[in-house]
Amino acid sequence: MKRIYTFLLTFLLTLAVTAQGLVVSDETRRIREDFQDRKFGIFLHWGIYSMLADGEWIMYGRRIDRDEYAKLAGGFCPSWFSAREWVELFKEAGAQYVTFTSRHHDGFSMWATKASPYNIVESTPYGRDVLKSLADACSEHGMKLHIYYSHMDWQRPDYPTGSTSGNLPHDDGTANWDSYYAFMNAQLTELLTEYGPIGAIWFDGMWDHKEKEFDWRLDDQYALIKRLQPKCLIGNNHHGAPIGLEDFQLFEQDLPGQNTAGFSGEAKVSQLPLETCMTMNNTWGYSITDKNYKSGDELIRRLVKAAGMNANFLLNIGPRPDGQLPDEAVERLRHIGAFMDANSSTIYDTRGGCVPPQDWGVTTQRGRTLFIHILNKEKDGKVVNEGLERKDGGALSLFLPLSGQSLSKVTLRSDGSALQFQREGDGYRIFLPKRPDSVDCILTATLSSGSDAQRTGE
């Protein structure tokens, strides 16, 4: 009887929340659009791996036996952790949601799970539920909480050996998919019933087994999520196109449609909401030697480019084992915050503009208002404006392709001054009074005809 109920629930949910966009309820569309409106989130990779200060994959990278690795928990005591301080800083930076790693591939749970004693409350001297503290702080400050959850597990003996766990020096254990699947769903039930409203479940690690050779039972698992919290979105970092009941498409270390990091494969950009996650430096978890942090200006460019490509930007931080955020991360968050404080209205509640990305930058759009982001770069200490031209006596200008649409007004956002523009071919040439000298020189254009910005989520 239970299997029949699950099948019927899955079938009905598939009709209501299909990723192919055939039938989408008004409520689902609203929730997805709210996710798109938020635009900027903070990713947190934090666990006992931070104690070894060499990233979140150190258990695999150093080929550490599960029993030896588990002893790290006995020394994990983040005495400087303050969820409120974290969330206040994220809010100051302009972020509107937080995605927290509740359980990474090492299998250690960062909350008071009853499904296993291998968790921060029972196995560490700290003995407190950091996820509960974070959930409370997010609720207090109006910040959406999303939860990362690993599908694979290097620690549990009942997890069927995959492409990564097979290289670890563990005893063979006894693989039992039914047992492991029940464990995951028990944990997901806790996360979705004991920590308030959850904006999204962010899965990872499914790629440990080839999809065609392993049944992850996603339909049943996704149906469980939707039953427990119908407003909770589902994303899965399986490096492919969305499947089943997934609500948004993920891109790791790349903007939509790109594959410079090698994780996107041949996945096409879907019509679902999009999210791109990136590191500040090179590692997701805390690394004491990785000082290769991107500049604050570069992170602003990536945030703006993501918005211009109709995607959310999920920026990662790897907290230190003492519970504090790296100084470099704090500095960059405050730099981004100063930009967002002045320009968030050109990012929040927008969609990728009707003008596709150009050499000089991107556009975002809200209704008939088009925000033109001229993204300046620095090279050898000098500002470089890629794609800008000099015409008509040396005036600096950019060409805005606007086939079938008309401009009625263009202003410089920094001071509200009106800019000159003229028809040219299938678009407009906009003249600038001087060379832009900020990381993002923003023009505000009013469209007098043509379609509004595309709102995906179907």
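Student: Which backbone oxygen does the side chain of K39 reach at 2.7 Å?
Tutor: The side chain of K39 reaches the backbone oxygen of T350. That is a polar contact, defined as a pair of N or O atoms within 3.5 Å; within protein, one must be able to donate a hydrogen and the other to accept it, and residues adjacent in sequence count only if both atoms are side-chain atoms. The backbone oxygen of Q36 also lies 2.7 Å from a polar atom of the K39 side chain.

Student: What kind of model is this?
Tutor: This is a predicted model, in which local features need pLDDT of at least 70 and side-chain atom pairs count only at pLDDT 80 or more, while totals for chains, interfaces and linings use all residues. Residues are numbered from 1 along each chain as its sequence is written, and side-chain values use heavy atoms, with hydrogens and water left out.

Student: Where is K39 placed?
Tutor: K39 is in the loop between α2 (26–38) and β1 (40–44). Helices (H or I, at least four residues) and strands (E, at least two) are DSSP runs, numbered from the N terminus.

Student: Which residues does K39 contact, leaving aside its neighbours within four places in sequence?
Tutor: They are A307, A311, N312, F313, I347, Y348, T350 and R351. Contact means heavy atoms within 4.5 Å.

Student: Changing topic, how many disulfides are there?
Tutor: A search of the whole structure finds zero. A disulfide is counted when a pair of cysteine sulfur atoms lies within 2.5 Å.

Student: Is C441 buried or exposed?
Tutor: C441 is buried, with a relative accessible area of 11%. Buried means under 20% relative accessible area, exposed over 50%, and partly exposed in between (1.4 Å probe, protein chains only). C232 is also buried, at 0%.

Student: What about E298; where is it?
Tutor: E298 is in helix α9 (residues 296–308). The residue is partly exposed, at 23%, and its side chain makes a polar contact with the side chain of R302 at 2.9 Å.

Student: And how many helices and strands does the chain have?
Tutor: The chain has 10 helices and 19 strands. Of its 458 residues, 56% count as buried.
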